[in-house]
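Here are my notes on this one, as numbered points. Have the viewer open while you read.

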Amino acid sequence: FHQPGRERAVLDRMVVANEGPFPDEAVEAVFREVMSASLALESPLTIAAGDDDALAAARRRFGSAARLSKEGGPVEALDAVARGFAAYAVVSVEDGKGGFRGFGLDALADADIPVTGEIVVTAAGVTTRSLVAGGEEPPPSGDDLTSTVVVPRDEPGAIAGVLSVFGRHGVNLRRLSAGPARASVRSKRAGWSYQFFVDLEGHRD
């Protein structure tokens, strides 16, 4: 029943049609609640959240009619989707105070579940970014963002070589951050302990 692409298109049309004085964010929030309640009548969504920030993001994205379940962490939230207990998992991956949250990114990188959405919430002056995992991968919309994990070879110039590929093909990078390689990578790549998280403009296809 849940069709995120169609939902986004409807919300965008509502915002375009808004002539004020009601702010665009409020228009979107009202219609999202209408959609959430309507969906609950047909097939209620269960959303697994990895922490408190993810729970707040899930409430904003899926509305108050969705069944929200706070799990023990991002791994447990993703496992709830893998086992069929939840339709989506929401995992917080970045905040305005501490930057990237490696534990959430590691969990997403190791899970065989597609990342299909992004949620940004600002509260008390701090912006938190969360990713939605689960559901069907959305088709290209013309305004897409892809997140990927890069583990380069352990040799001089490896990072520059990776980045030059994006430049040659005209791909704009939004974010680039390094962090310790997750355990599944370290076990295969002794001697190399870092991985790079890259957000780039464009659809994965």
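1. The lining of the second largest cavity is made up, by class, of 7 nonpolar residues, with no polar and no charged ones. Keep in mind that this is a predicted model. The residues in question are Val150, Ile159, Val162, Leu163, Leu176, Phe196 and Val198.

2. Which element gives the most to that lining? Helix H6 does, with 3 residues. Both H6 (158-168) and strand S9 (194-201) supply at least two residues each.

3. As for volume, the second largest cavity comes to about 40 Å³. The structure holds 2 cavities of 30 Å³ or more.

4. Now for the backbone. Most residues other than glycine have a negative phi, and most peptide bonds are trans. With that in mind, have a look at the bond from Gly20 to Pro21: it is cis, with omega near 5 degrees.

5. Where is Ala124? You'll find it in the loop that links strand S5 (115-123) to strand S6 (126-133).

Definitions and conventions: Residues numbered from 1 in each chain as written. Predicted model: local features only at pLDDT ≥ 70, side-chain atom pairs only at ≥ 80, totals over all residues. Heavy atoms only, no water. 1 Å grid on protein atoms, 1.4 Å probe; cavity = no way out; pocket = protein on both sides within 12 Å on 5 of 7 lines; lining within 4 Å. Points joined across faces, edges and corners; volume = space filled by probe spheres on them. Helix = DSSP H or I, 4+ residues; strand = E, 2+ residues; numbered from the N terminus. Nonpolar A, V, L, I, M, F, W, Y, C, P; charged D, E, K, R; others polar.
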